[in-house]
Each structure stands twice: as C-alpha cells, then as structure tokens.
Amino acid sequence: MSEAKLQNDKDDKYSLRGRVFNHIREGILSGRYEENEELKENTIGTELGVSRTPVREALRQLELEGLVNIIPNKGAYVTGISEKDIHDIYTIRSYLEGLCARWACEYITEEQLDAIEEVIYLSDFHTDKGHFEQVVELDSKFHKLIYSACGSKILEHELSVFHHYVERIRKITLSMEERAKRSTAEHTAILNAIRERDKDLAEKLAHEHIIRTIENIEKLGL
C-alpha cells in the first residue's frame, strides 16, 4: 500500500472519529443527552451510520474531558457540565481572556481589527432588531477573532474549548437585550484598547468582561 494511501486512510479515520466525537459532545453540551443518561454505542452508531469502534473511541476521549463516565462492564454515562464547572470555566476564562487580549495587542493585524469592528457593528444592529440568535453567533465570532490574533495556538485552543463548553449558558444570557447591549459595549472597549496597543488596559477589560458574565449568571441563578 502506498504512503499516500496510508495517509488518506489515516485522515479518513480521524475525520470519522472527530465527527462522532463532535456529535456526542454537542449533544451533551446542548442538553440533548441528559446528565446520567447512558450513551449506548449501538444506538449512536446506528444514528450516525458508523460502527461501534469510532463511537467507543469518541466516548473514551470524552471521558478524558470529563463529560462522560465509563463504568467497566456496564456502560458510558453522561457527566455533563455542573454549576461548579460553569463557574470554574468562566473564572479560568477571565484570566486567559485577559492574557489573550494582552498578546493580541502585539500580534493582531489591521485586517483582523477591521473584521472585529465589523462584528461589533453587526452585533449592535442585530441587538436592536432583537435577533438574538445572530447576536450569539457574532459573540462567538468576536472571541474567535481575538483568540486567533493572540499569536499562541495553545492559548487559542484552550479558550476555544472553554468557549464551546458554555455555549448553552451564553445563549441564555445573550438572549436578554440588556446583557447583549452591555456585552457589545464591552467588546468595543476591548477592541479600542487592542487597537491602541494598550496591553494593560486590554487585559484588564477582557478579564472584567468575563467577570461580569459570571455576575450575570449568578444574578439569574443559572
């Protein structure tokens, strides 16, 4: 078998496993799979049209992420994200987001700055129209642009994972006009600090942005 064929087979395998992994993880984080629910390999495999092997591999990976608990000779069960997990994620994010904004001051390009400015403009527009689904999507885009501008693949990856883990909570908080408007204003301040290459201010504002999200979550009792 040629080296190219081996590589293609390897890529297909990981692509399949990744698809299964993302499907199950999304189901857990969205609440489609409830806490303590058993994740049956046969059922998921049939649903996705795959064998049990990529499902088993995905479940093992999800166990490493703390989303699944595999009990030998019994099965795999949803652990999910607890209230403490959410608070921990946002607390850790507050520091990492600050660091990310600080590093972005050094590495961000004019094209990235312009892209973030456009996202903020669209966020304002959709908030005024009450299009909160678009607001959530634009919030994700804002943060992903900052992550990609920090100059660190490791930091970008970690923040992207944390951001995805709290997607359900983000949808709830950003569906309220007051928080959506305040969030966009905070994004604007962060952008201005980064554009001015003010590292200390950018770090401070990005950190406080996430802290305010924590406060809003506690206020709502989520």
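Contact is taken here to mean heavy atoms within 4.5 Å, and helices (H or I, at least four residues) are DSSP runs numbered from the N terminus. The structure is a predicted model, in which local features need pLDDT of at least 70 and side-chain atom pairs count only at pLDDT 80 or more, whereas totals for chains, interfaces and linings use all residues. Residues are numbered from 1 along each chain as its sequence is written, and side-chain values use heavy atoms, with hydrogens and water left out.

In helix 6, Asp139, Ser140, His143, Tyr147 and Ser148 meet Glu156, Leu159, Ser160 and His163 of helix 7. The residues of this contact divide into two nonpolar, five polar and two charged, where Asp, Glu, Lys and Arg count as charged, Ala, Val, Leu, Ile, Met, Phe, Trp, Tyr, Cys and Pro as nonpolar, and the others, Gly among them, as polar. Helix 6 (residues 132-148) packs against helix 7 (residues 153-165) at an angle of about 165°, and their axes, 9 Å apart, are lines fitted to C-alpha atoms over the stretch in contact, with angles running from 0 to 180 degrees between N-to-C directions. Helix 6 is therefore roughly antiparallel to helix 7, a term applied to angles over 145 degrees.

With a disulfide defined as a pair of cysteine sulfur atoms within 2.5 Å, the count comes to zero. The sulfur of cysteine 150 is too far for a bond, because the closest cysteine sulfur, in cysteine 100, is 4.2 Å away. For cysteine 105, the closest cysteine sulfur is also in cysteine 100, at 10 Å, which is likewise too far for a bond. Cysteine 105 is buried (under 20% relative accessible area, with a 1.4 Å probe and protein chains only), its relative accessible area being 4%, and cysteine 150 is buried at 0%.

Note on methods: Helix = DSSP H or I, 4+ residues; strand = E, 2+ residues; numbered from the N terminus. Parallel < 35°, antiparallel > 145°, perpendicular 65-115°, else oblique. Buried < 20%, exposed > 50% of the residue type's maximum accessible area, 1.4 Å probe, protein only.
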